[in-house]
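Subject: A structure for you to explore

Hi there,

Here is the structure I promised to pass on. Have a look at it first, and then read my notes below.

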Amino acid sequence: AALRVAAQSSQGPDIYFMWAGLGLGGEFVKAGLSKPLDDYYKKYDWDKRLLGTATSFSKIYPGGRHGIPYTFHGEALYYNKALFQKAGIAAPPATYDELKADAAKLKDAGVPAMTFGGTVNWHLMRLMDVILEAKCGADKHDQLMNMKLDWSTEPCATASFVELNDWSQNYILKPFMGIDQSQSFNLFLGNRAAMMLEGDWLVGQLRDAKRLDDFDLFPFPTGTDRLYGFAEYLYVSTKSANPDDDAKFLDYLLSDTVQQDNLGAFGAISVNANVKYTNVSPLDQKWMDIFAKYTKIYMNGDQAFPLDVTTEYWRIINDVASGNIKPEDAGKTLQTFISNKG
């Protein structure tokens, strides 16, 4: 809110923080507050130094490349090894159908497959996002999020809402609509559910809880070659009087030396591809391997959509999960909102 006010004045910062994506960073790009950084990407060879998955967000905005990654996070399914063993699951699922079959095995063993906190809209949204990737594939998922494909007539969109309803009714720890993400995490630690859809930062939380050895993780099996994740960016303001100095500072901040010397201060994973990691835990190493494997990414819905559409997307997801909207009607409801906004 403070940044929106500053954007209308001459008192704003030269460099500002905002999440990447059309719905968050894109709000300020659209408002004309972000300076394109194409020339600086070339001048400082940022594409050679930084993770391609992290810099990919800079290319989604109209009118040039905007912002540079400050942090980058992947999201995956963490699982309780003992509860998987209890349900007779010997290895992580490789396909979405196998994941659903494992959820059924867990249910038969008396174990809810996943835990979510419904009071924070973005938590359950993650499940809808990954289901869309699995049911629609990369191209159609992107078209839906870019509002170039009709949610009311696209079969995979309806199929995704049906799947969300199925998960909500059968495989998510209940009640979940009245708790938040932190409460959901405590239930996960308490062995009340087998899986949690979380980011790489959860490794640190598990380490703090002294439970690293009890859990493992795997990317949500969507059948595409993309990783689910998001980035936090630093943008140069169009109102800055010294954009060359701003870019020079960003180049320093993201340099090999600074990122190596301050490893862990910006996040578990540096956006600098040249950083070396030593003495990492098995879960940290798993994330290293995941980041090394994937070169493409699909982002969280609240960063892909404009803010007003995000709010409606959240409402519909919550209503489908609560049984207040039939999943077959959800796509039509969302499309009506998108169409009416012009």
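Which residues lie nearest the centre of the largest pocket? They are Ile-60, Asp-142, Arg-226, Ile-297 and Met-299, from a lining of 16 residues.

Before going on, please note that this is a predicted model, where local features need pLDDT of at least 70 and side-chain atom pairs count only at pLDDT 80 or more, while totals for chains, interfaces and linings use all residues. Residues are numbered from 1 along each chain as its sequence is written, and side-chain values use heavy atoms, with hydrogens and water left out.

**The pocket**

A pocket here is an open set of points on a 1 Å grid over the protein atoms alone, where a 1.4 Å probe fits, with protein on both sides within 12 Å along at least five of seven lines; lining residues have an atom within 4 Å of a point. The largest pocket holds about 340 Å³ of space (the volume filled by probe spheres set on the points, which are joined across faces, edges and corners). At least two lining residues come from each of α8 (121-145), β6 (296-298) and α15 (301-304). These are DSSP runs numbered from the N terminus: helices are H or I with at least four residues, strands E with at least two. By class, the lining has eight nonpolar, five polar and three charged residues (Ala, Val, Leu, Ile, Met, Phe, Trp, Tyr, Cys and Pro count as nonpolar, Asp, Glu, Lys and Arg as charged, and the others, Gly among them, as polar).

**Helix packing**

The axes of α8 and α16 come within 10 Å and cross at roughly 110° (axes are lines fitted to C-alpha atoms over the stretch in contact, with angles from 0 to 180 degrees between N-to-C directions). The two helices, α8 and α16, are therefore roughly perpendicular (65 to 115 degrees; over 145 is roughly antiparallel).

**Two backbone details**

Most residues other than glycine have a negative phi, and most peptide bonds are trans. Met-147, in the loop between α8 and α9, has a positive phi of about 60°. Lys-174 and Pro-175 are joined by a cis peptide bond, with omega about -10°.

Enjoy exploring!

Technical notes: Angles under 35 degrees count as roughly parallel, over 145 as roughly antiparallel, 65 to 115 as roughly perpendicular and the rest as oblique.
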